[in-house]
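Work through the following exercises with the sequence and the structure side by side. Try each task before you read the solution that follows.

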Amino acid sequence: MLNYIPYTGGIPTRQISAENPTGEKGKACIWDPDPRDPFLPHSGTALNMGRGWKVRPFIKLQPGETTVLADIAGVLRK
């Protein structure tokens, strides 16, 4: 029941992912698959589907490497 609160409370939500670490509206699923692109190395499975699919669903880190998982500025507004 608690999982419906964001949808019924008028609260804007955003998905934070490897494709959209800032959570900006409309900034996920915007790339064309290209496994030769160092930013999209795991996008080969989406080659036949084109734009609009998750082409960077995850990132790989080397041992000892660090990365920012979410970089959210300010308060989300509608």
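**Exercise 1: The chain as a whole**

Among contacts (heavy atoms within 4.5 Å) between residues at least 6 apart in sequence, 39% join residues at least 24 apart. The model is a predicted one, in which local features need pLDDT of at least 70 and side-chain atom pairs count only at pLDDT 80 or more, while totals for chains, interfaces and linings use all residues. Residues are numbered from 1 along each chain as its sequence is written, and side-chain values use heavy atoms, with hydrogens and water left out.

Task: state how many helices and strands the chain has, and what share of its residues count as buried.

Solution. Begin with the secondary structure, where helices (H or I, at least four residues) and strands (E, at least two) are DSSP runs, numbered from the N terminus; the chain has 1 helix and 0 strands. Then turn to burial, for which buried means under 20% relative accessible area, exposed over 50%, and partly exposed in between, with a 1.4 Å probe and protein chains only. Of the 78 residues, 14% count as buried.

**Exercise 2: An aromatic pair and a charge**

Task: find which geometry the pair of Trp31 and Phe39 has, and which residue lies over the face of Phe39.

Solution. A pair of aromatic rings is described by the distance of the centres and the angle of the planes. Rings of Phe, Tyr and Trp (its six-membered ring) pair if their centres lie within 6.5 Å, and planes under 30 degrees apart count as stacked, over 60 as edge-to-face and the rest as tilted. By this rule the count is 1 aromatic pair. Trp31 and Phe39 stand 5.1 Å apart, centre to centre, with 70 degrees between the planes, so the pair is edge-to-face. Trp31 is partly exposed at 24% relative accessible area, and Phe39 is also partly exposed, at 34%. Finally, Arg56 lies over the face of Phe39, 4.0 Å from the ring centre, where the rule asks for NZ of Lys or CZ of Arg within 6 Å of the ring centre and within 35 degrees of the ring normal.

**Exercise 3: A salt bridge**

Task: say which residue meets Asp34 in a salt bridge, and whether that partner, Arg36, is buried or exposed.

Solution. A salt bridge needs a side-chain nitrogen of Lys or Arg within 4 Å of a carboxyl oxygen of Asp or Glu, and the count by this rule is 1. The side chains of Asp34 and Arg36 meet at 3.2 Å, N to O. Arg36 is exposed, with a relative accessible area of 75%, whereas Asp34 is partly exposed at 23%.
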